[in-house]
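Let's take a walk through this structure together. Please have a look at the sequence and the model first, and then read on.

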Amino acid sequence: TTILALPFDGGVVVCADSRTSTGSYVANRVSDKLVQLSEYIYCCRSGSAADTQALTDYVHYFLNQWSLDTGRQPTVKTAAHLMRRLIYNNKDQLQAGVIVAGWDPVDGGSVYTITLGGSCLELPFATGGSGSIFIAGLLDSEFRPNMSKDEARSLAKKACAHAMTRDGSSGGVIRTVAITSEGVDRDYTGGNELPFG
Ligand SMILES: C#CCCCC(=O)N[C@@H](Cc1ccccc1)C(=O)N[C@@H](CC(C)C)B(O)O
């Protein structure tokens with residue numbers, strides 16, 4: 001997997017490849033690793049498909065319940081710490097490396113990475129999954145705060161494409177979601193490969 005989250009002026013773009021693998025077999029070449037946790041918050045999944053599906057189901061449920069009780073939207077920080085608690089408290093049974101990112105009126109666009117051990121770090125931008133090692137330097141050199149939405153989306157796709165080329169566990173299409181106060185806007189690049197392509 002290759003996942004990343006890049007804040008920009010007014011929001012954040014999240015990005016992922018679409019490969020689920022079991023060894024060298026590609027179990028799903030069109031997976032969706034970008035999961036909506038609440039109206040303006042998304043989770044980028046890496047690690048065990050099963051564990052991260054269960055974790056995002058729980059956090060989505062908790063945030064939805066909280067919004068129904070309070071009539072408010074949760075902050076990204078709240079979503080990230082809910083996720084962190086679940087991962088930390090079950091660390092011996094989970095394989096989940098996730099990025100929680102989104103927009104809220106308190107902090108604007110923000111990004112939290114949660115490691116396998118359950119530590120939660122807010123970062124200027126984040127990348128994760130097996131493919132992230134190939135693009136750490138590219139992003140260090142090319143990421144700038146306060147880019148435009150289109151600049152951030154283009155950089156995300158460029159970085160993800162390089163990782164998908166080099167990492168055998170990443171591939172398929174490049175999915176992105178741009179999250180701002182106006183809502184969420186999803187797209188994908190690639191696809192239409194021949195069935196054996
Ligand atoms: C189908 C099936 C069985 C396992 C599928 C399955 O979880 N694959 C994992 C790799 C993995 C992990 C832990 C145990 C085994 C196999 C996978 O592709 N993870 C990608 C992200 C998830 C969210 C799709 B990525 O991190 O490469």
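A residue is called buried when its relative accessible area is under 20%, exposed when it is over 50%, and partly exposed in between, using a 1.4 Å probe and the protein chains only. With a relative accessibility of 0%, Val100 counts as buried. You can find Val100 in strand β7; helices (H or I, at least four residues) and strands (E, at least two) are DSSP runs, numbered from the N terminus.

Before going further, a word on the model itself. It is a predicted one, in which local features need pLDDT of at least 70 and side-chain atom pairs count only at pLDDT 80 or more, while totals for chains, interfaces and linings use all residues. Residues are numbered from 1 along each chain as its sequence is written, and side-chain values use heavy atoms, with hydrogens and water left out.

Now turn to the ligand. Which residues are closest to it? They are Thr1, Ser21, Thr22, Gly47 and Ala49, out of 14 residues that surround the ligand; a residue is near a molecule if one of its heavy atoms lies within 4 Å of it. By class, this shell holds two nonpolar, 10 polar and two charged residues. Here Ala, Val, Leu, Ile, Met, Phe, Trp, Tyr, Cys and Pro count as nonpolar, Asp, Glu, Lys and Arg as charged, and the others, Gly among them, as polar.

Backbone atoms of three of these residues can be followed one by one. An oxygen atom of the ligand lies 2.8 Å from a backbone N or O atom of Ser21. For Gly47, a polar backbone atom is 2.7 Å from a nitrogen atom of the ligand. At Ala49, a polar backbone atom is 2.8 Å from an oxygen atom of the ligand. The elements that give two or more residues to the shell around the ligand are β3 (20-22), β6 (41-47) and α1 (49-70).

Next, let's visit Ser170, in the loop between α4 and β11 (174-180). Is Ser170 buried or exposed? Ser170 counts as buried because its relative accessibility is 1%. The side chain of Ser170 makes a polar contact of 2.8 Å with the side chain of Thr2, and another of 2.7 Å with the side chain of Asp167. A polar contact is a pair of N or O atoms within 3.5 Å; within protein, one must be able to donate a hydrogen and the other to accept it, and residues adjacent in sequence count only if both atoms are side-chain atoms.

Trp103 and Arg45 are 58 residues apart in sequence, and their C-alpha atoms are 18 Å apart in space. For Val100, the C-alpha atom is separated by 20 Å from that of Ser154, 54 residues away along the chain.

Strand β2 (residues 11-16) contains Ala16, which is buried, with a relative accessible area of 0%. The C-alpha atoms of Ala16 and Gly128 are separated by 9.4 Å, and these residues are 112 residues apart along the chain.

Our last stop is Asn146, in the loop between α3 (136-142) and α4 (149-166). Asn146 has a positive phi of about 65° although it is not a glycine. Asn146 counts as exposed because its relative accessibility is 62%.
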